Amino acid sequence: MKYDVIIPAAGQGSRMKAGYNKQFIKLDDRPLIVHTVAVFEEDPWCERVILVANEKECDAMSALMKEWQMMKVRAIVPGGKERQDSVLEGLKRAEAAIVLIHDGARPFVAKESIHELVRTAADKGSAVLAVPVKDTIKEVNNGFITNTPERTALWAAQTPQAFQKDLIVKAYEKATSEQFRGTDDASLVEKCGKKVHIVEGSDENIKLTTPLDIDIAHMILKKRKKGEKS
Ligand SMILES: Nc1ccn([C@@H]2O[C@H](COP(=O)(O)OP(=O)(O)OP(=O)(O)O)[C@@H](O)[C@H]2O)c(=O)n1
Ligand SMILES: C[C@](O)(CO)[C@H](O)COP(=O)(O)O
């Protein structure tokens, strides 16, 4: 089952406080973005990788992809102000009937999860990886708790998020015309009144967001080298 993947990597990485885009942080021998792209380079189901980069970093990304022989990277396109703007630019270059969208900052997604996600999206239209929430979540206003939602109904969305191409293109068109802003891609499809399916992911599929995540990433890499399962 074939798919294209859009990898938005055009953020600033401001919460990482590295002083430069976190995509270039080295984890063992390779920069973060190379770890992420390599997952798809090595997946026979993946046809094309469309990488979205900061305008000023397109050349640097291109040099990295050549250096690490990431042959499936067919386009490196300049991104936009927010993640949603960057994904929209990437979507213009997608060709396959199934399109995945995956954060450049999530290098540890498992191939088995990707395949289950692709199968579900091909069958049902759209699917996202997610994990059940472990903490109790509070809604807060002006420093006071206003609600404690029932935890069994709460899941934390991850990426990849997978869609039939026509569906996600239409969802992005509608969001653009209605100026709707979502923090993930599925929320744009939900806005169209379509059902999005959940595929249970893994706690290892972290998004490297703050400095502590770098330590966690090193721990995951070490564990994987030893061949340990989570
Ligand atoms: N304008 C943007 C903003 C984000 N992203 C990408 O979307 C993914 C998830 O976003 P996040 O982890 O929030 O990254 P940043 O926006 O870089 O981080 P921060 O919010 O801390 O600046 C990242 O791979 C990031 O590069 C993007 O392509 N274009
Ligand atoms: C898409 C996402 O990774 C799902 O968890 C997340 O919402 C992206 O976060 P961002 O801070 O909006 O980039």
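Reply: We may begin with T136, which is placed in the loop between strand 7 (126–132) and strand 8. Helices and strands are DSSP runs numbered from the N terminus (H or I, at least four residues, for helices; E, at least two, for strands). The model is predicted: local features need pLDDT of at least 70, side-chain atom pairs count only at pLDDT 80 or more, and totals for chains, interfaces and linings use all residues. Residues are numbered from 1 along each chain as its sequence is written, while chains are lettered from A and ligands numbered from 1 in the order in which they are written.

Me: Why is T136 called exposed?

Reply: A residue is exposed if 12 or fewer other C-beta atoms, placed from the backbone, lie within 10 Å of its own, buried if 20 or more do, and partly exposed in between. T136 has 9 such neighbours and therefore counts as exposed. Beyond four places in sequence, T136 is in contact (C-beta atoms, placed from the backbone, within 7 Å) with T148 and R151. From D123, 13 residues away along the chain, T136 is separated by 33 Å, C-alpha to C-alpha.

Me: How do you know that the peptide bond from T159 to P160 is cis?

Reply: The omega of that bond is near 5°. Most peptide bonds are trans. P160 is found in strand 10.

Me: Which residues form the shell around ligand 2, and how does that shell divide by class?

Reply: A residue belongs to a shell if its C-beta atom, placed from the backbone, lies within 6 Å of the ligand. Around ligand 2 these are R83, D103, A157, Q158, T159, T183, D184 and K207. Strand 10 (residues 155–164) supplies the largest share, three residues. Ala, Val, Leu, Ile, Met, Phe, Trp, Tyr, Cys and Pro count as nonpolar, Asp, Glu, Lys and Arg as charged, and the others, Gly among them, as polar. The shell of ligand 2 thus divides into one nonpolar, three polar and four charged residues. Ligand 1 has 21 residues around it, the closest being P8, A10, G11, R15 and S86. That shell has five nonpolar, ten polar and six charged residues.

Me: How do you know which residues are central to the largest nonpolar core?

Reply: Such a core joins buried Ala, Val, Leu, Ile, Met, Phe, Trp, Tyr and Cys residues through C-beta atoms within 7 Å. Of its 55 residues, I6, V37, V49, L51 and V99 touch the most other members. L51, for example, is in contact with I7, A9, V37, M61, V73 and I76, neighbours within four places aside.

Me: Why is the radius of gyration said to agree with that of a compact globule?

Reply: The radius is taken over C-alpha atoms, and the globule rule is 2.2 Å times the number of residues to the power 0.38. For 230 residues the rule gives a value near 17 Å; the chain has 17 Å, so the two agree. The chain has seven helices and eleven strands, and buried residues make up 37% of it.

Conventions. Contact = placed C-beta atoms within 7 Å.
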